[in-house]
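Subject: Handover of a structure and the findings on it

Dear colleague,

Please find the structure below, together with its sequence.

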Amino acid sequence: MTETKNIVWHDSVITKQDRIKQNNHQSPVLWFTGLSGSGKSTLTVALEKALHERGVRSYRLDGDNIRHGLNANLGFTPNDRKENIRRIGEVSKLLNDAGLFTLTAFISPYREDRDNVRQIIPDGEFIEVYVKCSLESCEARDPKGLYQKARSGEIKGFTGIDAPYEKPIAPELVIDTESKSVEEAVAEVLEYLKIRNYL
């Protein structure tokens, strides 16, 4: 860890509450977790569009996209996965402070890593969304051909095949993408947000 004893946080004049008031909405972090192929990215893209149409300021963080830049130096070892999620958690914290809805789409296979992100986000503003889909269905979809490569041994340490996925114990929301269409899933998330006054 970098030495931080000579680093001092510099507060802004404009506060998070000022930004929330200007936006006229809260700034929760919606953390979508699930197996590869479960529909996390598809769901967050559709949700981002629905929020935009309602005048909600949001930003979407996607696993593959982040690995093109911020986390381009990380692989898929357990330690690299941990660091990947730690960095995303810190970015999500900044976007939360900026007053934006933050939508994240990451396998984030380890429960401890997701819980660590929850700890740095203000109480009540971290919404863990478990995108539930069986391994069999995810593998049948295999949108990127990754399961096939993992089964053939071309990819090592692939979540669900030869690396673990720890399901959330008590997520705020469970979206079953085997039984729901994208439109139904988005409607379910929006309803959750309305009922709990995030919108």
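On a 1 Å grid over the protein atoms alone, a cavity is a set of points where a 1.4 Å probe fits but cannot get out, and a pocket is an open set with protein on both sides within 12 Å along at least five of seven lines; a lining residue has an atom within 4 Å of a point. Grid points are joined across faces, edges and corners, and a volume is the space filled by probe spheres set on the points. This is a predicted model, in which local features need pLDDT of at least 70 and side-chain atom pairs count only at pLDDT 80 or more, while totals for chains, interfaces and linings use all residues. Residues are numbered from 1 along each chain as its sequence is written, and side-chain values use heavy atoms, with hydrogens and water left out.

The cavity

By this rule there is one cavity of 30 Å³ or more. The largest cavity holds about 30 Å³ of space. Its lining consists of Ser-36, Gly-37, Cys-138, Asp-142, Pro-143, Lys-144, Leu-146 and Tyr-147. Residues are classed as nonpolar (Ala, Val, Leu, Ile, Met, Phe, Trp, Tyr, Cys and Pro), charged (Asp, Glu, Lys and Arg) or polar (the others, Gly among them). In the lining of the largest cavity, four residues are nonpolar, two polar and two charged.

The largest pocket contains about 740 Å³ of space. Its lining has 36 residues, and Ser-36, Gly-37, Lys-40, Ile-107 and Lys-144 lie nearest its centre. Two or more lining residues come from each of helix 2 (40-53), helix 3 (63-66), helix 4 (78-97) and helix 8 (182-195); here helices (H or I, at least four residues) are DSSP runs, numbered from the N terminus. Helix 2 gives the largest share, four residues. By class, this lining has 14 nonpolar, 13 polar and nine charged residues.

The second largest pocket holds about 220 Å³ of space. Among its lining residues are Trp-9, His-10, Arg-19, Lys-93 and Asp-97. Helix 1 (16-23) and helix 4 each give two or more residues to this lining, and helix 4 gives the most, with four. The lining divides into three nonpolar, four polar and five charged residues.

The helix packing

Two packed helices are described by the angle between their axes and the distance between the axes. Axes are lines fitted to C-alpha atoms, for helices over the stretch in contact, and angles run from 0 to 180 degrees between N-to-C directions.

The axes of helix 2 and helix 8 come within 9 Å and cross at roughly 60°. Helix 2 is therefore oblique to helix 8 (angles under 35 degrees count as roughly parallel, over 145 as roughly antiparallel, 65 to 115 as roughly perpendicular and the rest as oblique). The contact (heavy atoms within 4.5 Å) involves residues including Leu-43 and Leu-47 of helix 2 and Val-186 and Val-189 of helix 8. Its residues comprise 10 nonpolar, one polar and no charged.

Helix 4 and helix 5 (residues 111-120) pack at an angle of about 20°, with their axes 9 Å apart. Helix 4 is therefore roughly parallel to helix 5. Among the residues that make this contact are Arg-81, Lys-82 and Glu-90 of helix 4, with Glu-112 and Asp-113 of helix 5. Three nonpolar, two polar and six charged residues make up the contact of helix 4 with helix 5.

Yours sincerely
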